[in-house]
Amino acid sequence: MRKKKTTTANAIRQAELILKLYELRRETVMREARSYVGGEFLPASASEFIQIVSAGDKQSSFVLQVYGYWQMVAAFVRSGALDAELLYNTCPEMYFQYAKIQPYLAQFREEMDLPEFVIDVEQLIEGSRAGRKRLESMRKNIAAIVEARSRPPIKPRAKK
């Protein structure tokens, strides 16, 4: 009987942590940062990624804030403070944002001399079949976004 009580207490503690993490994502500056990283931010090369992060402007701070947030969350999982399945079920945004930089990560780390940049995110996502599958899905979503952005805008029809 005691084991069930411990499991329930742990589940409640983890749910509370997920809710706190959600609250942090709703903070005003974090919302603005997430809006940029989830939208406009779409580097096409490691060089462009490095340039954005190195610019020292608002966008570079947004990138560092968002990826720092997800690194913290992934570290919670990897240290045992948060269940990987719970994170998977509640935070698909992390996978999408990781997919944006994953192709450029090795070169970014080397050129910026940041060998551990989002290392826990990488190990969490790429260390499981479910994570790799979701990453592939997110890559397809990003390819569709890139394709849509490359097309000229559709002009509204003139009213008769």
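Q: Which residues line the largest pocket?

A: This is a predicted model. In it, the lining of the largest pocket consists of Leu42, Pro43, Ala44, Ala99, Lys100, Pro103, Tyr104, Arg139, Ile142, Val146 and Arg149. The volume of this pocket is about 160 Å³.

Q: Which elements give two or more residues to that lining, and which gives the most?

A: Helix H6 (92-101) and helix H9 (129-150) each give two or more. H9 gives the most, with four residues.

Q: Let us step back to the whole chain. How many helices and strands are there?

A: The protein chain has nine helices and zero strands. Written as a pattern along the sequence, that gives α-α-α-α-α-α-α-α-α.

Q: What box do the C-alpha atoms fill?

A: Taken along the principal axes, the box is roughly 70 × 50 × 35 Å. The chain exposes about 10400 Å², and carbon and sulfur atoms supply 55% of that area.

Q: What percentage of the residues is buried?

A: To read this, compare the relative accessible area of a residue with a cut-off: buried means under 20%, exposed means over 50%, and partly exposed lies in between. In this chain of 160 residues, 35% are buried.

Q: How many of the residues of H6 are buried?

A: Nine of its 10 residues are buried, so H6 is largely enclosed by the rest of the structure. The buried ones are Glu93, Met94, Tyr95, Phe96, Gln97, Tyr98, Ala99, Lys100 and Ile101.

Q: Is Glu93 buried or exposed?

A: Glu93, in helix H6, has a relative accessibility of 16% and therefore counts as buried. Leaving aside neighbours within four places in sequence, Glu93 is in contact with Arg25, Arg34 and Trp70.

Q: Where is Tyr104, and which residues does it contact?

A: Tyr104 sits in the loop between H6 and H7. With neighbours within four places in sequence left out, its contacts are Pro43, Ala44, Ser45, Ala46 and Phe49. The side chain of Tyr104 also reaches the backbone oxygen of Pro43 at 3.4 Å.

Q: Is Tyr104 buried or exposed?

A: The cut-off for buried is under 20%. Tyr104 has 18% relative accessibility, so it counts as buried.

Q: What separates the C-alpha atoms of Tyr104 and Glu48?

A: Tyr104 and Glu48 are 56 residues apart along the chain, and their C-alpha atoms are separated by 9.4 Å. For another pair, Glu147 and Val53, the sequence separation is 94 residues and the C-alpha to C-alpha distance is 24 Å. Glu147 lies in helix H9 and, at 42% relative accessibility, counts as partly exposed.

Q: What percentage of contacts joins residues at least 24 apart?

A: Among contacts between residues at least 6 apart in sequence, the figure is 74%.

Q: Which residues does Gln102 touch?

A: Gln102 is in the loop between H6 and helix H7 (105-112). Not counting residues up to four places away in sequence, Gln102 touches Glu126, Leu135 and Arg139. With a relative accessible area of 19%, Gln102 is buried.

Q: Where are Asp113 and Val118?

A: Asp113 is in the loop between H7 and helix H8 (119-126). Val118 is also in the loop between H7 and H8.

Terms used. Residues are numbered from 1 along each chain as its sequence is written. This is a predicted model: local features need pLDDT of at least 70, side-chain atom pairs count only at pLDDT 80 or more; totals for chains, interfaces and linings use all residues. Side-chain values use heavy atoms; hydrogens and water are left out. On a 1 Å grid over the protein atoms alone, a cavity is a set of points where a 1.4 Å probe fits but cannot get out, and a pocket is an open set with protein on both sides within 12 Å along at least five of seven lines; lining residues have an atom within 4 Å of a point. Grid points are joined across faces, edges and corners, and a volume is the space filled by probe spheres set on the points. Buried means under 20% relative accessible area, exposed over 50%, partly exposed in between (1.4 Å probe, protein chains only). Contact means heavy atoms within 4.5 Å. Accessible areas come from the Shrake-Rupley method with a 1.4 Å probe; for residues, only the protein chains shown count as cover. A polar contact is a pair of N or O atoms within 3.5 Å; within protein, one must be able to donate a hydrogen and the other to accept it, and residues adjacent in sequence count only if both atoms are side-chain atoms.
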